[in-house]
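Please look over the sequence and the model below before reading on. The notes that follow are grouped by topic.

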Amino acid sequence: MKKLISTLIVILLLAGCSEKTQQVEEPIQDQCTKSVELRVAALSEVWSTAQYYYGYWNQMPEDFDWDEKYQEFLPRVMNAETDDEYVDAMREFVALLHDGHTSFIPASEYQLNKAYLPFDLEDLDGRLFLKAASRDYVFSLGS
């Protein structure tokens, strides 16, 4: 009896170690997590805010048409298939203003899935200096 039980235990252990063939599923490509309505509202808010509060329209080229740019980016924002495509389109739209103080910052849940450097560098006369760093970064600012 002990021999039979020992044999069954060994068979069960070996059966548990057998290799199972599993089909590897293709990862589902990320889909845009923001609704089309929300994306259009964000683009419209950026357009409207710049239209009424941007102070450098007089320095833009004469042939620059902000309304036309809105119409150009509207289909890109509406048809973005991934969050990356949406954020890239919004950042390109804002970059048309050529204003270093203006940027599109996506929602924090988008940024959680992205890698980032734990510091920010600034170029001063061809030399890089540490401008900002996360709390865990051990170098002092200005180094």
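Glu72 counts as partly exposed in this predicted model, because its relative accessibility is 42%, which falls between the cut-offs of 20% for buried and 50% for exposed. Glu72 also takes part in a salt bridge with Lys69.

**Salt bridges**

- The count of salt bridges comes to 2.
- In one of them, Glu72 pairs with Lys69, and the closest N and O atoms are 3.7 Å apart.
- Glu72 and Lys69 are separated by about one helical turn, because they sit 3 residues apart in helix α3.
- An α-helix has 3.6 residues a turn, so residues three or four places apart point the same way.
- Arg76 and Glu92 also meet through their side chains in a salt bridge, at 3.0 Å from N to O.
- Arg76 belongs to helix α3 and Glu92 to helix α4, so this pair ties together parts that are 16 residues apart in sequence.
- Arg76 has a relative accessible area of 36% and is therefore partly exposed.
- Glu92 is partly exposed as well, because its relative accessible area is 38%.

**Surroundings of Lys69**

- Lys69 is found in helix α3.
- Leaving aside residues up to four places away in sequence, Lys69 touches Phe64, Phe93 and Leu96.
- Between Lys69 and Trp47 the C-alpha to C-alpha distance is 9.1 Å, while in sequence the two are 22 residues apart.

**Helix α2**

- Which residues of α2 are buried? They are Arg39, Ala42, Leu43, Val46 and Ala50.
- On the face turned away from the buried side, α2 carries the exposed residues Glu37, Glu45, Tyr52 and Tyr53.

Note on methods:
Residues are numbered from 1 along each chain as its sequence is written. This is a predicted model: local features need pLDDT of at least 70, side-chain atom pairs count only at pLDDT 80 or more; totals for chains, interfaces and linings use all residues. Side-chain values use heavy atoms; hydrogens and water are left out. Buried means under 20% relative accessible area, exposed over 50%, partly exposed in between (1.4 Å probe, protein chains only). Helices (H or I, at least four residues) and strands (E, at least two) are DSSP runs, numbered from the N terminus. A salt bridge is a side-chain nitrogen of Lys or Arg within 4 Å of a carboxyl oxygen of Asp or Glu. Contact means heavy atoms within 4.5 Å.
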